[in-house]
Amino acid sequence: MLKELRKIGCGFNQIHFKCAPCDGTRSSGFNPDATLGNGPILLCQNGYSSKKQLEDTMAHELIHAYDHCRYKVDWDNLYHYACTVVRATSLSGNCGMINEFKRGHFFNR
């Protein structure tokens with residue numbers, strides 16, 4: 001994702017990430033209006049149970065960053081917002097079968 005962001009003129013590196021404790025209702029976030037010091041990508045330091053989950057979450061938030069830079073997402077437009085959420089969720093691995101089983105989402109027959 002970092003390579004793809006650089007290709008479109010939106011380089012990201014470690015200063016674009018902020019790690020902080022969160023209240024438990026989320027594990028990350030993307031703020032398109034953040035200054036670099038605050039980091040447009042928030043990673044909640046208490047929000048991950050594995051390295052893989054952290055990596056998937058970083059990919060998810062970087063997809064939001066890509067969409068914001070490349071497609072000029074209007075974050076107040078629910079269609080734009082829904083589109084980037086669906087893209088980020090499906091492309092980042094968040095919807096993988098193993099993740100869904102860990103969340104308790106499985107079929108009972």
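Author: Let's start with burial: a residue is buried under 20% relative accessible area, exposed over 50% and partly exposed in between (1.4 Å probe, protein chains only). In this predicted model local features need pLDDT of at least 70 and side-chain atom pairs count only at pLDDT 80 or more, while totals for chains, interfaces and linings use all residues. Residues are numbered from 1 along each chain as its sequence is written, and side-chain values use heavy atoms, with hydrogens and water left out.

Reader: What share of the residues in the protein is buried?

Author: Of the 109 residues in the protein, 31% are buried. Asp-56 is one example, because its relative accessibility is 7%. Ser-28 is buried too, with a relative accessible area of 15%.

Reader: Which pLDDT does the protein average?

Author: The term pLDDT is the predictor's confidence in each residue, from 0 to 100. Here the protein averages 85, and 83% of the residues score at least 70. Among the elements of the protein, H3 has the highest mean pLDDT, 94, whereas helix H4 (residues 97-102) has the lowest, 58.

Reader: How many helices and strands does the protein have?

Author: Both are DSSP runs numbered from the N terminus: helices are H or I with at least four residues, strands are E with at least two. This protein has four helices and three strands. Reading from the N terminus, the order of the elements is α-β-β-β-α-α-α.

Reader: In which sense do strands S1 and S3 pair?

Author: Two strands pair if DSSP finds at least two bridges between them. Strand S1 (residues 17-20) and S3 are paired in the parallel sense, over four bridges. S2 and S3, on the other hand, pair in the antiparallel sense, over three bridges.

Reader: On to charges. How many salt bridges does a search of the whole structure find?

Author: Side chains of opposite charge can pair when their charged atoms come close. A pair counts as a salt bridge when a side-chain nitrogen of Lys or Arg is within 4 Å of a carboxyl oxygen of Asp or Glu. By that rule, the search of the whole structure finds four. One of them joins Lys-51 to Glu-55, with the closest N and O atoms 3.7 Å apart. Both residues lie in helix H2, four residues apart, or about one turn of the helix. Lys-51 counts as exposed, because its relative accessibility is 62%. Glu-55 has a relative accessible area of 40%, so Glu-55 is partly exposed.

Reader: How far apart are the closest N and O atoms of Asp-56 and Lys-52?

Author: They are 2.9 Å apart, and the two residues form a salt bridge. Because Asp-56 and Lys-52 are four residues apart in helix H2, about one helical turn separates them.

Reader: Which parts does the pair of Asp-67 and Arg-87 tie together?

Author: The side chains of Asp-67 and Arg-87 meet in a salt bridge, at 2.8 Å from N to O. Asp-67 lies in helix H2 and Arg-87 in helix H3, so this pair ties together parts that are 20 residues apart in sequence. As for burial, Asp-67 has a relative accessible area of 2%, so Asp-67 is buried. Arg-87 is partly exposed, because its relative accessible area is 27%.

Reader: Is Lys-72 buried or exposed?

Author: Lys-72 is exposed, because its relative accessible area is 60%.
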